Amino acid sequence: RCENLVEVYFQLQQQVMAASTELGPELLSRLLERFNEVLSGLVKSSFLVEKQPPQVLKTQTKFQASVRFLLGPRLLKAAPKPYMVRADMVTEKQARELELSNYSNTLSESTGEILHNTVALETNPTSGNCCANFKNVLLKKIKRCERKGSESVTEEKCAVLFSTNITLTPSNVSIHLQVLSLPIVVIVHGNQDNNAKATVLWDNAFSDIDRVPFVVAERVPWDKMCDTLNLKFMAEVQTTKGLLKEHYFFLAQKIFNDHSASPEDFQSRHVSWAQFNKEILPGRGFTFWQWFDGVLDLTKRCLKSYWSDRLIMGFISKQYVCKLLSMQPDGTFLLRFSDSEIGGVTIAYVMRGKDGSSQVENIQPFSAKDLSIRSLGDRIRDLGQLRNLYPNLPKDQAFGSHYNSEWGRP
């Protein structure tokens, strides 16, 4: 614990001072200087971000954050008045310079204008924690950096720098405390949110703990990407039912645009940031992430219970659906996420002619707006051509618990 280390420090300092005559002025001066360096390092490391600002931050939108000074209750109790903590926006370049200087440099210029950005560092009498709580902070505007190559504004990472100056008594040692938030992507329009989330997800998932801000790999192993997509899916949808091996296979075919490789082949591959959210999928108008995030949003809003009951196959290609259904009895169906639209779920079913020939039909995808008007369960009940959920579960048995209790009620 930091408090225990500080106590040890003060005890050692007292012992050194008690032996000052034997040590001599030169050695005493060196020891005291070293003590101040140790104390300064310990104090600086106990200044932490307790509540991070939103990692996708829209201008003209209020947000909250808090910093905690672990040693505040021990070191600041004799302070005549509360110290003030300031919040400033910094660029990636400024964050890197601060890190390389071991936070000994001070910020020369903020990269954005933040309102209500100064808050008192106070000890809560109930919890005993020393914190500065930023409750109504507002990023009024942001000054964009010069970007590299094809980098977009939603790939540009900033951070909030929290800083304050304190003086420790009785030694009168002045210490400048600084701590950076996690990387932040600043947006000015809601339509930038999707791409900003991609930048944040990639950075959170694939950056090293000890890194120069905010360096992150451009390519990562596919199996790590699978873990990331699975964790993101379960967290967003709030389900315990994650992605399956066959889902990963479909996603690999999609992101690598390769339908000839085996699941084992994909395990040794690396996926790039460009493949994740810069390159448009073949024949589409959106990236892999934009499509996947649309699935996330749809499932979270309208399909959580269906997914958790494993009623949605979801991540499967239209071609493989035809292969699965073509040999099934008339009216066998399954649900998959639309390939052609962002945030759509479609029903594929097999129809058999009198001659025994089969034809697989795909119903126009349902969007979140469609499913807010009439639920998926009720739509499935309405469609008389649907009989059994693949492979052979009667639809009333599969979806009965999802039907609205009042027939025909929208």
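**Exercise 1.** State which residues of helix 8 are buried, and decide whether helix 8 is enclosed.

*Solution.* In helix 8, the buried residues are His247, Tyr248, Phe250, Leu251, Ala252, Gln253, Lys254, Ile255 and Phe256. Buried means under 20% relative accessible area, exposed over 50%, and partly exposed in between (1.4 Å probe, protein chains only). Helices (H or I, at least four residues) and strands (E, at least two) are DSSP runs, numbered from the N terminus. Because 9 of its 12 residues are buried, helix 8 is largely enclosed by the rest of the structure.

The model is predicted: local features need pLDDT of at least 70, side-chain atom pairs count only at pLDDT 80 or more, and totals for chains, interfaces and linings use all residues. Residues are numbered from 1 along each chain as its sequence is written, and side-chain values use heavy atoms, with hydrogens and water left out.

**Exercise 2.** Find the elements that the buried residues of helix 8 pack against.

*Solution.* Contact means heavy atoms within 4.5 Å. The partners are helix 7 (222-237), helix 9 (263-267), strand 12 (270-272), helix 10 (273-277) and helix 11.

**Exercise 3.** Describe the largest nonpolar core and explain where it lies.

*Solution.* A nonpolar core is a set of buried Ala, Val, Leu, Ile, Met, Phe, Trp, Tyr and Cys residues joined through side-chain atoms within 4.5 Å. The largest has 55 residues, and Phe276 and Phe315 have the most contacts inside it. Helix 11 (residues 288-308) gives the largest share, 10 residues. Domain 1 (2-206) and domain 2 (219-402), with bounds from an automatic or database domain assignment, both contribute residues, so this core lies between them.
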